[in-house]
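This report describes the chains, their contact, and the packing of domains and helices in one model. The sequence and structure are shown first.

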Amino acid sequence: MAYEKPLPLVNEESRPFWEGCKRHQLVLQHCRDCGAYVYYPRALCKACHSDRLHWEPVSGEGTIYSYTVCHRPAGPAFKGDVPYVVALIELKEGPRMLSNIVTDDPESVRIGQVVRVTFDDVTEEITLPKFVAIG
Amino acid sequence: MANNGREPVIVGVADAPLQDGMVPDGQNPLQIQAHAARRALAEAGLRFEDVDGLLTAGTWGIPGPGNLMALTVGEYLGIRPVFMDGTQIGGSSFEAHVAHASLALQAGYCEVALITYGSTQRSQRARSLAGRGESLTLQYESPFGLPTPVGAYAMAAQRHMHEFGTTSEQLAEIAVATRKWAALNPAATLRDPLTLANVLASPMIASPLHLLDCCLVTDGGGAVVMTTAERARDLKSRPIHVRGYGETLTHATIASMPDLTLTGAERSGRIAMEMAGVTHGEIDVVEIYDSFTITVLLTLEALGFCARGEGGAFVSGQRTAPGGDFPLNTNGGGLSYAHPGMYGLFVLIEAVRQLRGESGERQVPDAGIALAHGTGGVLSSTCTCILSRD
């Protein structure tokens, strides 16, 4: 069955991130000047506005900063998934990432839980980084 | 603010009448704006020919004529302004328009500024939780199914509960108090009494927000007319003074919000209140964009009406209801009066009516100073205006 949910519209700026996901590796931009990790990808470091950004693999671990259990879907494509969990994950390296918590028990999700990335190959071209609780 | 006769004042307001949350006769957003503009100008005894500043925002006609919104509205209304502002920062756009119009009026860049808004999202069933396209910055959000905007506000509420012990009952207090104000406003969409239990028993949309924590989905529109204090002396309506304003943004997508329990109101409110030279205790009536109950609670804290984390206690015991000691969202708010998608224009309209003393049953006695506050996007932009009767 065709995948009907929204897919990222990959551009040259975001390609390294999505290509990393495709090979099941989480990569972030890292600033050679101030050391900050940057997500989402951009032209200039979010902290110091340097353009000396390069891509680096990161731990894929973090904690849940906040979340919501969605009982109404974000459009018809997500209807079959309710209730599902959307969360903000604070990565070990600093940035926050919006993603899903993969779980059979949405009500068990808590702020502060330790999570690790897992990769969902949703189409031939696109893999989405999602997270599972490990703590 | 220099006292040279060019101090900005609001001399006309109008909101579109609704039937069951919808505009009559299948009106489109341009018709809504034309009717509202005519009524707002008529309050002051002004004509369209007098308008030389046009400020507008909305979500209609995109892609299409809405891409060049101020041009389309100007052409449709048959005016040729010398000052145009299509600032679109979400629901707080109209507070920003008041700020920008004030600067233009004071600088002598225009004489009569018209702010307009129109929406038919209810009658066209245009409201969707599906959110926005997947390009550019949204490619990192849309694939994960965050219902927009409610999911982002829900995560802020969840975080506030985690950090400060805020409860769903405390959020429900806001919905119940706001409904009591709506019961006093014949123009409000929902006027039946509401209890805390009703709110808590309503379906969960995005935890911890229930259906009755969420604003309505209606049509609507309106207009605000501004000019200088000097020009207002010859006009029919009682001018309401714009004493201060401030605007800011903290982020656009919720993952980039620096702190989910602190909105930009902390900054925009401080700028506006310092400009106006008013303190919290001097403000008689407060109109705050209530897209969701949590929006109100976060805004009260960020504006400094209570300490951070104390918003839940602050709104408890129906403090913000009619007869309480903190009159808030006296028209019934986006929760019960109307919410056409960008509600910010209506906090301004209600603040003006309260300061003119024409709010009927819901009139706050001797209201002299009002705060009107807009929030746009997903707690992304905030803009605060301080208005006064004298």
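## Chains, domains and helix packing

From the N terminus on, the elements of chain A follow the order α-β-β-β-β-β-β-β-β, that is, one helix and eight strands. Helices (H or I, at least four residues) and strands (E, at least two) are DSSP runs, numbered from the N terminus. This is a predicted model, in which local features need pLDDT of at least 70 and side-chain atom pairs count only at pLDDT 80 or more, while totals for chains, interfaces and linings use all residues. Residues are numbered from 1 along each chain as its sequence is written, and chains are lettered from A and ligands numbered from 1 in the order in which they are written.

The C-alpha atoms of chain A fill a box of roughly 45 × 35 × 25 Å along the principal axes.

Chain B contains twelve helices and eleven strands. Its radius of gyration is 19 Å, close to the 21 Å that the globule rule gives for 390 residues, so chain B is as compact as a globular protein of that length. The C-alpha trace of chain B spans about 55 × 45 × 40 Å along its principal axes.

### Contact between the chains

The contact takes 29 residues from chain A and 31 residues from chain B; two residues are in contact if their C-beta atoms, placed from the backbone, lie within 7 Å. On the side of chain A that touches chain B, the elements giving two or more residues are β4 (61-70), β5 (84-91) and β6 (96-101) of chain A. By class, this side of chain A has 18 nonpolar, seven polar and four charged residues. Ala, Val, Leu, Ile, Met, Phe, Trp, Tyr, Cys and Pro count as nonpolar, Asp, Glu, Lys and Arg as charged, and the others, Gly among them, as polar.

### Domains of chain B

The domain assignment of chain B gives domain 1 (8-125 + 219-242) and domain 2 (146-214 + 245-388); such bounds come from an automatic or database domain assignment. The centres of the two domains of chain B, taken over C-alpha atoms, are separated by 23 Å. Their contact takes 32 residues from domain 1 of chain B and 35 residues from domain 2 of chain B. On the side of domain 1 that touches domain 2, the largest share, seven residues, comes from α3(B).

### Helix pairs in chain B

Axes are lines fitted to C-alpha atoms, for helices over the stretch in contact, and angles run from 0 to 180 degrees between N-to-C directions.

| Helix pair | Angle | Axis distance |
|---|---|---|
| α3(B) and α12(B) (344-356) | about 60° | 6 Å |
| α4(B) (150-164) and α9(B) (293-303) | about 55° | 9 Å |

α3(B) and α12(B) are therefore oblique to each other; angles under 35 degrees count as roughly parallel, over 145 as roughly antiparallel, 65 to 115 as roughly perpendicular and the rest as oblique. Their contact is made by Ser93(B), Phe94(B), Glu95(B) and Val98(B) of α3(B) and Gly344(B), Leu345(B) and Leu348(B) of α12(B).

α4(B) and α9(B) are likewise oblique to each other. Their contact involves Tyr153(B), Ala156(B), Ala157(B) and His160(B) of α4(B) with Ile294(B), Thr295(B) and Leu298(B) of α9(B). These residues divide into five nonpolar, two polar and no charged.

How values were computed. Rg over C-alpha atoms; globule rule 2.2 N^0.38 Å.
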